[in-house]
Amino acid sequence: MKSLALDPGQVSASAPRPSTRLGDLLISGDFITQDQLDQALKHQKTKGGRLGGCLIKLGFLTEEILHSVLSRQCGIDVIDPVSCEVDPDVLKLLPRDWASRLTILPIRREGNVLFVALSDPNDVVMLDEVKFRTGMRITPLLASEAQIREAIDKHYGSPKDMELRKVFDDLPEPEQQEGQNLQVVGEDHQELDTEALKSQSEEAPIIRLVNFILVDSLRSGASDIHIEPFEKELRVRFRVDGVLKTVMSPPVKLKDALTSRLKIMARLNISEKRVPQDGRIRIRTRVTGKLKDLDFRVSVLPCLFGEKIVLRLLDK
């Protein structure tokens, strides 16, 4: 088997027709042997997957050579979908779940022609499925599966980004109700509607947002969570390996509801906003298939634009 980069002279002078079988083409180009092809076909029959992917997994072929041969076999271009600029309107032509399931990415549209990045241009069933879904003619562009999956996360958003976006999309618009907002009555006195705060904190989107923050901190291996209100921003940071990293910025309008939800979970006084408070949240959740009991030590500190909350994770 040849492991060097593909040279144009290694494939027959006349470009093979797309109907040429990949295995025969690789053997005729002296990239694999018949025995290696038989092993790959046996692996494909038992494990599934594409023939090219099986050859790579067995170590008989490199991805670079496979793409070069596929490009010549089908007469299509090789691209890097991660570095491509993709119009958001083009992404709307194919939902993320379809793109992820089929491992393809729409790149650009020209009239009624949709250019898509894929790893196997010989998969006519998949191409027909995309054509039926979009109602457009499909022009394939070649890329590796790893590149396509990375590009899907970049352009559509990672599963974590999608989950968080869904939580934000479900958040209700704030309603201006009497007693809902803080009112300054005197120099040292504040009046607030604790029932309204409690009601806001128990709305399903707020509960999902808090649960998302706590569970995501576990997945990220964080030791601390910092929730910090600013004048025009609400920032959530995780401490991972001793370094604080900003992980999300929820809408600042959620400041009071988010704070109240965490106070209720930690059994703190939601009506007290002028003095520090300490408490703890005990949760039981499944992380990487294991059921865990965890403690979050909660510290609430008054600051200029509200209350800063620090949660320290203690894995029991």
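Buried means under 20% relative accessible area, exposed over 50%, and partly exposed in between. The close-ups below show a predicted model.

**View 1. F305 and a nonpolar surface patch.** Together with F230 and L304, F305 makes a nonpolar surface patch of about 300 Å².

**View 2. T259 in helix α12.** Helix α12 spans residues 255-265 and includes T259. T259 counts as buried because its relative accessibility is 8%, under the 20% limit. Apart from neighbours within four places in sequence, the contacts of T259 are with E307 and I309.

**View 3. L102 and its surroundings.** L102 belongs to helix α6 (residues 96-102). With a relative accessibility of 14%, again under 20%, L102 is therefore classed as buried. When residues up to four places away in sequence are not counted, L102 touches M126, E129 and V130. The C-alpha atoms of L102 and L118 are 8.6 Å apart, with a sequence separation of 16 residues.

**View 4. Arginines over aromatic rings.** R108 places its charged end over the ring of F115, at 3.9 Å from the ring centre. R101 lies over the face of W98, and here the distance to the ring centre is 5.1 Å. As for pairs between aromatic rings, a search of the whole structure finds zero.

Note on methods: Residues numbered from 1 in each chain as written. Predicted model: local features only at pLDDT ≥ 70, side-chain atom pairs only at ≥ 80, totals over all residues. Heavy atoms only, no water. Patch = residues over 30% accessible without salt bridge, like charges linked within 9 Å, V, L, I, M, F, W, Y side chains within 5 Å. Areas by Shrake-Rupley, 256 points an atom, 1.4 Å probe, with all protein chains shown as cover. Salt bridge = Lys/Arg side-chain N within 4 Å of Asp/Glu carboxyl O. Helix = DSSP H or I, 4+ residues; strand = E, 2+ residues; numbered from the N terminus. Buried < 20%, exposed > 50% of the residue type's maximum accessible area, 1.4 Å probe, protein only. Contact = heavy atoms within 4.5 Å. Phe/Tyr/Trp six-rings, centres within 6.5 Å; stacked < 30°, edge-to-face > 60°. Lys NZ or Arg CZ within 6 Å of the ring centre and 35° of its normal.
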